[in-house]
Amino acid sequence: MAERREDAHAAGDDDGCLRRVMAVPLGILYLLAAGLCYAAWTIRPSGTWDEDAYGAITLFCFLAIVVSVTALVITAAPPTVRRAMGPGGWRRR
């Protein structure tokens, strides 16, 4: 019984480090998604005939969704990440 407490306490000590380690790729992914959204927002077609601009806007929007979903999966999938990201919004088991 005492070993379980020590193991749980040792795992709890790593939460701060794991939170910082996971924050780096998640921050990069969300910044990339924000950059893609900004690029899609700032592209202006020259006219109704400008299919290349419309295609670029569609591509940037699609890539922003893909990057955001990837970051969401990284956040939600592994139990160690859920545990490390803190109690805000996550259920403790």
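**Figure 1. Buried residues and overall fold of the predicted chain.** Buried means under 20% relative accessible area, exposed over 50%, and partly exposed in between, with a 1.4 Å probe and protein chains only. By this rule, 19% of the 93 residues in the protein chain are buried. The model is predicted: local features need pLDDT of at least 70, side-chain atom pairs count only at pLDDT 80 or more, and totals for chains, interfaces and linings use all residues. Residues are numbered from 1 along each chain as its sequence is written, and side-chain values use heavy atoms, leaving out hydrogens and water. The protein chain has four helices and zero strands, where helices (H or I, at least four residues) and strands (E, at least two) are DSSP runs numbered from the N terminus.

**Figure 2. The largest nonpolar core.** A nonpolar core is a set of buried Ala, Val, Leu, Ile, Met, Phe, Trp, Tyr and Cys residues joined through side-chain atoms within 4.5 Å. The largest one consists of seven residues, namely L26, L29, A33, L36, A64, V67 and A71. Helices α2 (15-42) and α3 (51-76) each supply at least two residues of this core, and α2 gives the most, with four. In soluble globular proteins, nonpolar side chains tend to be buried together.

**Figure 3. Surroundings of A64.** Contact means heavy atoms within 4.5 Å. Apart from its neighbours within four places in sequence, A64 is in contact with A33, L36 and C37.

**Figure 4. P25 and A71.** P25 lies in helix α2 and counts as partly exposed because its relative accessibility is 31%. The C-alpha atoms of P25 and A71 are separated by 8.3 Å, although these residues are 46 residues apart along the chain.
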